[in-house]
Amino acid sequence: MRLQATTAIVVALVLSGTAASAKTTIEVLRAVTTNVEQKINAQAAKDFEALHPDVEVKFEYIANEAYKQKLPTLLQSKARPDIYYSWGGGVLRDQEKAGFVEDITDQVATEWAKTYSPAGIKAFTVNGKIVGAPMNATEVVFWTNLKLARKAGIDISKIKTWDDFLAAVKQAKAAGVTPIMVGGKDKWPLHFFYGYLAVREAGEAGFKAAMSGEGKGFAAAPFVKAGEDFKALVDLHPFEPGFMGTSYEQASGRFGDGEALFHLMADFDYQGAKDRSQDGKGIPDDQMAILRFPAVAGGKGAPSDTFGGVNGWVVSKGAPKEAVDFLAFWNGPKYQAEAAAQGAYIPTAMAAISAIKNPFFKEMAQDLSASHYHQTFLDQALGADVGATFNDASADLAQGVITPEQAAKEIQDAWSFH
C-alpha cells in the first residue's frame, strides 16, 4: 500500500509539473510608453488570463531607440516576441518580406474588418495579408506652453504660416524664452520638422512621384525647398543649448517642466511629458495648447494634410494562436475606449472614438478625419535604411553641416538603391 501511495504521489507530481509546463506564454514587446497605457495593458492581460487560465501574458517595455535597434535581432532569433509594436510602413513591409510576420488573415478578416476603419486595416495589411492590428492614429503638432507664449507676447492663434512661425521664434528668443525643445540625439524628432515641411511643399502628388521614381525623386525642387525652409528655422538657433545631446525622453520631460515654448511631437507626448516631468504632473492643461503645423506659402500640400502615423501591433511568425486571441481581446473597443477616456492615445477602434475626453485629442481626431492626405512617419514609411538616411539628413540640416540640396540628394540616392 505504501508503494502504491508513493507511486501515486509521484505520478500526481509529474502530471502537475506537465500541466504547469504546458501553459502558453504570450510575450508582447513595446517601445516604452506612458504609465497610463501600461496600467491598461496590465489590466487587459489580467482579465484575459482570468478567462484563459492556461495562458500567461507578459509585457516588456524597452526605451524607444533601444527598441528599434533590438527588434531586428530579436525577430531573427528564437527569442522573438509573439506580438510587437510597429509603426507600419516600409519597415513592416521589409519584415514581411524577410518572413518575420504571421499571416493571420483567416483568423481575423471578417471580425476585425468591422472593428477598425479600412485605413487602419490597410496599414497592417502587407501583400494582401493581414499581419496585425492598428492601435492608434497620431498627428504631429506643436505642443505649446501658454505661460511662456504670454511672457513672449505671442498669440499662437495668429500663427498660420511658416513665416508666422519663424517670426514667433524670433519673438520668443527676444523675450529670453527657449523657442523649441527637441531630442536631437535620437534624430527622429528632427525628422518631424523636415518631414512635415516636405509634406507642405510636395504634397501627396509630390510624394507619390518621388516614391515611384519620377523625375528627380526626393531630390526634386519641393524636397530641396523643404530643406531650405528647415534651414531658415535652424539659422535662428531655436533649440535648447546642446540639443544634439538631448534624447527624446529628456526633451519630453524638460518640456513638461516648462523649459520651452514649443515641442513638435505627436499626441503620445501629452501624457509622456507629464510622466517625465520632475513633479510627474507637467504643464496644466489650461496652460497648454496645440498648434497645427503651419502652411507654407506656395507649397503644393494642402494645409489640412497631416503627418504622423497609424501605429499598432504585429503578430510574429510562429506565434501561438492564443496570441491572436489576446490581440483581438486587448486591442478591441473595450480597452481602447479606456485608453481614450484616460488620454493615453487616439484609438483606431471605431467604437472607442466617442470615448475621447481629452480636448487636445478631440481636436487631433477632427484634424485626422478632415485630412485627405496623411503621410506616415518617413523614417518608417520609407523602410529602415532609407528612413535612417532621412533621419541623418534631418540631423545634419539641424546642425548646419549639410545643404538642402545635399540632404535631398542623399535621400534620393538611398531611395534609388532601396
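One term before we start: a residue is called buried under 20% relative accessible area, exposed over 50%, and partly exposed in between, using a 1.4 Å probe and protein chains only. What you have on screen is a predicted model, where local features need pLDDT of at least 70, side-chain atom pairs count only at pLDDT 80 or more, and totals for chains, interfaces and linings use all residues. Residues are numbered from 1 along each chain as its sequence is written, and side-chain values use heavy atoms, with hydrogens and water left out.

**Stop 1: a pair around helix 12**

Select K274 and D285. Their side chains meet in a salt bridge at 3.2 Å, N to O (the rule: a side-chain nitrogen of Lys or Arg within 4 Å of a carboxyl oxygen of Asp or Glu). K274 sits in helix 12, residues 269-276, while D285 is in the loop between helix 12 and strand 9, 11 residues apart. Helices (H or I, at least four residues) and strands (E, at least two) are DSSP runs here, numbered from the N terminus. Which of the two is buried and which is partly exposed? K274 is buried, because its relative accessible area is 10%; D285 is partly exposed, because its value is 32%.

**Stop 2**

Next, pick R292 and E139, whose side chains meet at 3.5 Å, N to O. This pair links distant parts of the chain: R292 is in the loop between strand 9 (288-291) and strand 10, and E139 is in strand 6 (residues 132-139), 153 residues apart. R292 counts as partly exposed because its relative accessibility is 26%, and E139 is buried because its relative accessible area is 0%.

Now try E322 with K321, joined by a salt bridge of 3.8 Å, N to O. E322 counts as buried at 16% relative accessibility, whereas K321 is exposed at 55%. To finish this stop, select E65, K68 and D379, which are linked in a network of salt bridges.

**Stop 3: strand 9 and its partner**

Colour strand 9. In a regular strand the side chains alternate between the two faces of the sheet. Both faces of strand 9 are covered: M288 and I290 on one side, A289 and L291 on the other, all of them buried. What is the bridge partner of W143 in strand 9? Look for I290.

**Stop 4: the largest pocket**

A pocket is found on a 1 Å grid over the protein atoms alone: where a cavity is a set of points that a 1.4 Å probe fits but cannot get out of, a pocket is an open set with protein on both sides within 12 Å along at least five of seven lines, and lining residues have an atom within 4 Å of a point. Grid points are joined across faces, edges and corners, and the volume is the space filled by probe spheres set on the points.

The largest pocket holds about 1100 Å³ of space. Select A119, A123, V310, H374 and T376, the closest to its centre of the 34 residues that line it. Elements that each supply at least two lining residues include helix 9 (188-211), strand 10 (306-315) and helix 15 (359-370). The lining divides into 17 nonpolar, 13 polar and 4 charged residues (Ala, Val, Leu, Ile, Met, Phe, Trp, Tyr, Cys and Pro count as nonpolar, Asp, Glu, Lys and Arg as charged, and the others, Gly among them, as polar).

**Stop 5: the second largest pocket**

This one has about 580 Å³ of space. Of its 26 lining residues, K68, P72, V91, Q380 and A384 are the closest to its centre. Helix 3 (64-75) is among the elements giving two or more residues to the lining, and helix 3 provides the largest share, 7 residues. The lining divides into 13 nonpolar, 6 polar and 7 charged.

**Stop 6**

Select L29 in strand 1, residues 24-31. L29 is buried, with a relative accessible area of 3%. Leaving aside neighbours within four places in sequence, L29 is in contact (heavy atoms within 4.5 Å) with residues including I62, Y67, L71 and W313. Last, go to E37 in helix 2, residues 35-51. E37 is buried too, at 3%, and beyond its neighbours within four places in sequence E37 is in contact with R30, M135, W313, A344 and Y345.

Notes: Pairing = 2+ DSSP bridges.
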